[in-house]
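Let us walk through this structure from the inside out. We begin with one residue and its surroundings.

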Amino acid sequence: MNIARSAGVRRRLLLAFALALVVGVPVVAASASAATALTVAQALGAQDGRSATVTGYVVGQPTASTTVIRSNFTADTAVAIADSAAETSTSRMLYVQVTSAYRSSFGLLTNPGLLGRSVTVTGTLTAYFSHGGLKDPTAMTLT
């Protein structure tokens with residue numbers, strides 16, 4: 001009888017522990033990722049070659065250091081993101097390189113519907129098109 005009772009207690013403790021993990025893990029993961037993502041303004045001020053995660057809105061396709069097109073896209077190789085979906089000043093945009101691994105999902109020629117959508121990108125904070133940028137992305141997700 002003591003063995004059966006002991007096994008029942010262990011099962012309940014394991015179940016309670018498993019439930020705590022299932023309930024607790026998403027909350028911890030969500031707050032950790034939210035705390036580490038930079039804004040576009042912060043990323044523009046930190047063009048120092050470090051790896052960072054940046055969240056912003058897709059506002060167009062950069063074609064030169066001071067030119068971003070918002071329609072009739074010509075390629076899938078770059079997007080401009082900003083802290084506001086309505087941003088029109090290139091000085092407040094981060095130019096993001098879209099490498100071949102992400103072109104089918106994040107290139108604007110293939111996916112013009114991304115305009116105005118929020119994205120989170122992880123990569124190297126360094127100039128792109130001679131403009132504040134993020135290159136060599138290791139992760140790109142819609143947020």
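Take V54. Beyond its neighbours within four places in sequence, V54 is in contact (heavy atoms within 4.5 Å) with L38, T39, V40, A43, I81, L94, V119, T120, V121, L125 and L134. This is a predicted model: local features need pLDDT of at least 70, side-chain atom pairs count only at pLDDT 80 or more, and totals for chains, interfaces and linings use all residues. Residues are numbered from 1 along each chain as its sequence is written, and side-chain values use heavy atoms, leaving out hydrogens and water.

V54 belongs to the largest nonpolar core, which has 22 residues. Such a core is a set of buried Ala, Val, Leu, Ile, Met, Phe, Trp, Tyr and Cys residues joined through side-chain atoms within 4.5 Å. Buried means under 20% relative accessible area, exposed over 50%, and partly exposed in between (1.4 Å probe, protein chains only). V54, I81, L94, V96 and L125 have the most contacts inside this core. Two or more residues each come from α2 (40-44), β1 (51-64), β3 (78-82), β4 (93-97), β5 (118-125) and β6 (133-142). These elements are DSSP runs, numbered from the N terminus: helices are H or I, at least four residues, and strands are E, at least two. A second, separate core has eight residues, including V68, A80, A82 and Y95.

Now the backbone. Most residues other than glycine have a negative phi. N72 is not a glycine, yet its phi is positive, about 50 degrees. N72 sits in the loop between β2 (67-69) and β3. N72 counts as exposed because its relative accessibility is 70%.

D136, also not a glycine, has a positive phi of about 50 degrees. D136 is found in strand β6. Its relative accessible area is 47%, so D136 is partly exposed.
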